[in-house]
2 protein chains.
Amino acid sequence: NEPDDPQVDLDNMELWEQFHRRGTEMVITKTGRRMFPSFKVKVSGLSKSAKYIMLMDIVAADDCRYKFHNSRWMVAGKADPELPKRMYIHPDSPATGVQWMNRPGVSFHKLKLTNNIADPHGHVIHTYTILNSMHKYQPRFHVVRCGDLAKLPYCAFRTYVFKEMQFIAVTAYQNEKITQLKIDHNPFAKGFRDS
Amino acid sequence: NEPDDPQVDLDNMELWEQFHRRGTEMVITKTGRRMFPSFKVKVSGLSKSAKYIMLMDIVAADDCRYKFHNSRWMVAGKADPELPKRMYIHPDSPATGVQWMNRPGVSFHKLKLTNNIADPHGHVIHTYTILNSMHKYQPRFHVVRCGDLAKLPYCAFRTYVFKEMQFIAVTAYQNEKITQLKIDHNPFAKGFRDS
DNA sequence: GATTTTTGCACCTAGGTGGAAATT
DNA sequence: TCAATTTCCACCTAGGTGCAAAAA
């Protein structure tokens, strides 16, 4: 009656698949840009009383550089070196299993993607992830049974990867079909819709 | 070279004093209303490496009920019973002394005042404080040398009180001079300014 | 020249104000 | 009748969009 076998479901999977079929792009800017669709998961199967820390990060999906040519993404050489990535710790961590499971979802919408090497601030909570433009990335989600942030480095991670979330970082959209999907579904881009 | 004698300065003291001279009022609503001026302090004198938790709460200033009569606040009987108050833990807690001192200030602007007894959600982070209308209150600030939220109940609190922050909770402003000060200084009320 | 990045912008969402009228 | 509270609103701040032009 106290399981500890997390089941993780990606929120808005149908939308993610629509983007995935066309080759998702995410804009990176100097001041930081959110992901769309946003990264949100529903977690079940946790021990009710045990404490957990939830995290995400974004890692290189391969060691290639890409370019968009003839309406297609093509490999264009070897990847540039990656800057060290920091884990984005969900700000409500640590919390008990029942607290995580009772919420409508665990959302990482505040994370921002940037190409700005200079860290904006020495914030306690790291909101920015530095990416290379024209490179392919894979977001990951981690569940750690751990009640104390200080002990996080010594705890076992359980990692969940959704291929549907792979994307290529860009400073300006390349594929107009991706642009249109963003406009159609992101409420902040409603001003560019036709209807 | 590792002091542990916190010095706390109230931000925007001149503005607080302007309100204090006229008898500050704070609006409470069903959905919750922020304080204005907002509660922000600058902390120094902490041990650089020790971890601290920062908190605030709001307690009854006396055991009276008030009414506004002939342009003055007057005692109008004995206070209604207070609902138990919860500490509002600053969301960046715990953090090291140098992290707290390096920031421009420790801000509690997200706290909301309400007269709604039904707690809106079972949030991990408590944002709402329930107050009685027409009663006088005193906000307080607490510094706790403590590295673990779970151990907070067993740690020694150092409490700082600014009399300039005393206010009477209202559902609608009584003193028009207070209303005008709010309009003059709160950027969200700019629409009501004359100029 | 061609590609990639930056900047400023109009247009949105989201939410914090006190006023005025309605309600309790 | 009077005092206190609730509801809805226009008017703000704050900040997330892709676009177009300029810059690198």
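1. Around DNA strand D there are 21 residues, and those that come nearest are A:Arg33, A:Tyr173, B:Asn115, B:Ser133 and B:Thr171. A residue counts as near a molecule or strand if one of its heavy atoms lies within 4 Å of it. This is a predicted model, in which local features need pLDDT of at least 70 and side-chain atom pairs count only at pLDDT 80 or more, whereas totals for chains, interfaces and linings use all residues; side-chain values use heavy atoms, with hydrogens and water left out. Residues are numbered from 1 along each chain as its sequence is written, while chains are lettered from A and ligands numbered from 1 in the order in which they are written.

2. Of the atoms of DNA strand D within 4 Å of the protein, 73% belong to sugar or phosphate, and the rest belong to bases. A polar side-chain atom of A:Tyr173 is placed 2.6 Å from a phosphate oxygen of DNA strand D.

3. Which elements give two or more residues to the surface near DNA strand D? They are strand S3 (33–34) and H3 of chain A. H3(A) gives the most, with three residues. Helices (H or I, at least four residues) and strands (E, at least two) are DSSP runs, numbered from the N terminus. By class, the surface near DNA strand D has nine nonpolar, six polar and six charged residues. Here Ala, Val, Leu, Ile, Met, Phe, Trp, Tyr, Cys and Pro count as nonpolar, Asp, Glu, Lys and Arg as charged, and the others, Gly among them, as polar.

4. DNA strand C is likewise to be examined. Of the 21 residues around DNA strand C, the nearest are A:Ser133, A:Thr171, B:Arg33, B:Tyr173 and B:Asn186. Sugar or phosphate accounts for 73% of the atoms of DNA strand C within 4 Å of the protein, and bases for the rest. The surface near DNA strand C comprises nine nonpolar, six polar and six charged residues. Helix H3 (residues 176–185) of chain B gives the most to this surface, with three residues.

5. Phosphate oxygens of DNA strand C take part in several contacts. A side-chain N or O atom of A:Lys190 is 2.9 Å from one such oxygen. B:Asn186 has a polar side-chain atom 2.9 Å from a phosphate oxygen of DNA strand C, and for B:Lys112 the corresponding distance is 3.3 Å.

6. How do the helices of chain A pack? Helix H1 (residues 13–22) and helix H3 (residues 176–185) of chain A pack at an angle of about 165 degrees, and their axes are 9 Å apart. Axes are lines fitted to C-alpha atoms, for helices over the stretch in contact, and angles run from 0 to 180 degrees between N-to-C directions. H1(A) and H3(A) are therefore roughly antiparallel to each other, a term for angles over 145 degrees. From H1(A), the residues A:Leu15, A:Gln18, A:Phe19 and A:Arg22 meet A:Lys177, A:Ile178, A:Leu181, A:Lys182 and A:His185 of H3(A), where contact means heavy atoms within 4.5 Å. The residues of this contact divide into four nonpolar, two polar and three charged.

7. In chain B, helix H1 (residues 13–22) and H3(B) pack at an angle of about 165 degrees, with axes 9 Å apart. That makes H1(B) roughly antiparallel to H3(B). B:Leu15, B:Gln18, B:Phe19 and B:Arg22 in H1(B) are in contact with B:Lys177, B:Ile178, B:Leu181, B:Lys182 and B:His185 in H3(B). This contact has four nonpolar, two polar and three charged residues.

8. Some backbone features also deserve attention. A cis peptide bond, with omega about -10 degrees, joins A:Ser93 and A:Pro94. A:Pro94 is in the loop between strand S7 (88–89) and strand S8 (95–96) of chain A. In chain B, the peptide bond from B:Ser93 to B:Pro94 is cis, with omega near -10 degrees. A:Asn70, although not a glycine, has a positive phi of about 50 degrees; this residue is found in the loop between strand S5 (51–69) and strand S6 (72–78) of chain A.

Definitions and conventions. Angles under 35 degrees count as roughly parallel, over 145 as roughly antiparallel, 65 to 115 as roughly perpendicular and the rest as oblique. A polar contact is a pair of N or O atoms within 3.5 Å; within protein, one must be able to donate a hydrogen and the other to accept it, and residues adjacent in sequence count only if both atoms are side-chain atoms.
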